[in-house]
Amino acid sequence: MTIATSLFARHALLPDGWQDDVRIQWDGAGAITAVKAGVQQQAGEAAAGLVLPGMVNLHSHAFQRALGGLTETAGAGPDSFWTWRDLMYRFARHITPEHIEAIAAQLFSECLRHGYTSVCEFHYVQRDPQGQMYARPAETAERVVAAAAATGMGLTMLPVLYSFSGFGEQPLKPEQKRFRTGPAEVMQVIEALEGLRGPQLEVGVAPHSLRAASAAMIGEVLGSLPQARPVHIHIAEQQGEVEQSLAATGQRPVRHLMEQFEIGPRWCLVHATHLDEGETRALAASGAVAGLCPTTEANLGDGLFPLSPYLAAGGRFGIGSDSHISQSAVEELRWLEYGQRLLHQRRNVAASPAQRRVGDFLWQSALQGGALAAGRPVGALAVGKRADLVVLDSEHPNLAAISPEDVLGTFVFCGNDNLVSDVMVGGRWMVRGGRHVAQDAIAQRYRDAIAQLRTLRS
Ligand code: ZN
């Protein structure tokens with residue numbers, strides 16, 4: 001692997017917009033030490049045409065990558081999120097730690113090739129197939145950490161608190177036995193991961209949802225966790241969940257959460273699809289991040305997030321690939337915007353008076369929200385941040401003779417070719433010429449794992 005400490009970019013997207021002739025320098029630990037525009041390329045210095053900060057994928061269940069495309073057959077009755085979930089449970093029944101590592105490595109290599117350089121892993125398969133904790137409490141979590149280290153992906157691990165099957169502390173179903181954790185088990189896993197924290201890894205926590213964790217339990221875990229750590233929760237993904245929350249608590253889920261906890265920038269509310277006007281304003285004002293997963297939300301028939309009023313109220317958002325029906329940052333952003341165009345029957349929704357270019361608005365906003373949700377110094381080409389960057393293929397016809405201002409509009413909206421050529425994470429090139437540096441070995445291990453899983457499932 002080539003060790004370099006600087007890159008010259010003809011055009012680079014910096015926090016204040018596109019700049020020409022930019023030198024980005026980083027230290028041996030992979031942190032950016034200088035960014036300067038209007039400089040001359042030095043002899044022998046590596047150069048690139050178009051450079052963007054790498055994207056944050058703020059919501060992942062890595063093992064679900066192996067289920068992609070296998071749940072697209074209509075059942076006897078109407079299919080829904082809940083029927084999909086039954087299929088996912090069946091799939092999770094036999095998966096081993098080795099499978100989890102192989103699948104996560106494949107997923108992370110794909111995400112890197114499509115411009116993601118950080119992932120937040122919402123990790124809930126924590127027990128063995130019999131429902132017992134592994135001898136090492138963080139056994140499966142450590143496999144995801146190993147996959148991230150092997151592929152170069154920046155990671156925020158979020159061990160999940162998962163105790164009930166529904167509002168009102170309903171007992172878990174037998175098919176949920178591999179997910180069961182109380183506050184003590186979650187803290188055991190977090191403590192086991194603490195020693196692995198570093199520039200490439202942060203550890204937070206994820207109460208699964210208000211369905212699966214009580215307020216008392218969430219409070220107990222938060223009380224044991226250092227203040228700055230990220231907290232993620234699934235919320236208001238389905239209309240059915242809103243109805244169950246109203247029946248059990250008299251309040252809609254986001255309102256209920258906000259009344260019980262001090263929701264602020266350390267929180268990521270994943271989906272938050274079904275918000276009324278008051279919840280939309282309150283969530284925006286809280287400074288928390290809405291974790292939007294447009295391809296999964298479309299695939300599962302969740303609904304559309306009220307993006308326009310949320311942005312008008314100053315709300316923050318980031319994107320995640322969740323079930324990994326797509327591994328492309330571009331596809332998430334494109335569908336986020338297209339859902340809104342179809343809903344409102346107008347164009348160019350995700351923009352602001354200060355940033356009218358939709359591609360730029362989406363990329364920069366998702367970087368800021370994603371970095372906050374990851375709890376890591378990422379999301380910008382700026383001093384102190386990680387040297388996480390994406391080089392686009394300047395030779396691609398879509399980018400021929402293009403001005404930098406039109407690059408993100410083209411990248412996000414035009415065609416399905418992957419325009420990502422090279423990807424650096426923490427100062428190390430992990431993707432070169434469109435291929436992950438260990439792509440073949442990772443894919444072979446994935447194919448072997450999937451073949452074995454198929455025999456276990458049948
Ligand atoms: Zn999820």
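In helix α11, the residues A329, V330, E332, L333, R334, L336, E337, G339, Q340 and R341 are buried, where buried means under 20% relative accessible area with a 1.4 Å probe and protein chains only. This is a predicted model, in which local features need pLDDT of at least 70 and side-chain atom pairs count only at pLDDT 80 or more, while totals for chains, interfaces and linings use all residues. Residues are numbered from 1 along each chain as its sequence is written, and side-chain values use heavy atoms, with hydrogens and water left out.

Helix α11 covers residues 329-344, helices being DSSP runs of H or I with at least four residues and strands runs of E with at least two, numbered from the N terminus. At its start, a side-chain oxygen of S328 comes to within 3.2 Å of the backbone nitrogen of V330, and just after the helix Q345 takes a positive phi of about 55°.

The loop between β13 (316-319) and α11 holds D322. The side chains of D322 and H271 are joined by a polar contact of 3.3 Å, that is, a pair of N or O atoms within 3.5 Å, of which, within protein, one must be able to donate a hydrogen and the other to accept it, with residues adjacent in sequence counting only if both atoms are side-chain atoms.

Turning to the rings, F63, Y89, Y124, Y162 and F179 are linked by ring pairs into a cluster; rings of Phe, Tyr and Trp (its six-membered ring) pair if their centres lie within 6.5 Å, and planes under 30 degrees apart count as stacked, over 60 as edge-to-face and the rest as tilted. Both F63 and Y124 are buried, as are Y162 and F179.

Methods
The expected span of a helix is 1.5 Å times one less than its number of residues. Buried means under 20% relative accessible area, exposed over 50%, partly exposed in between (1.4 Å probe, protein chains only).
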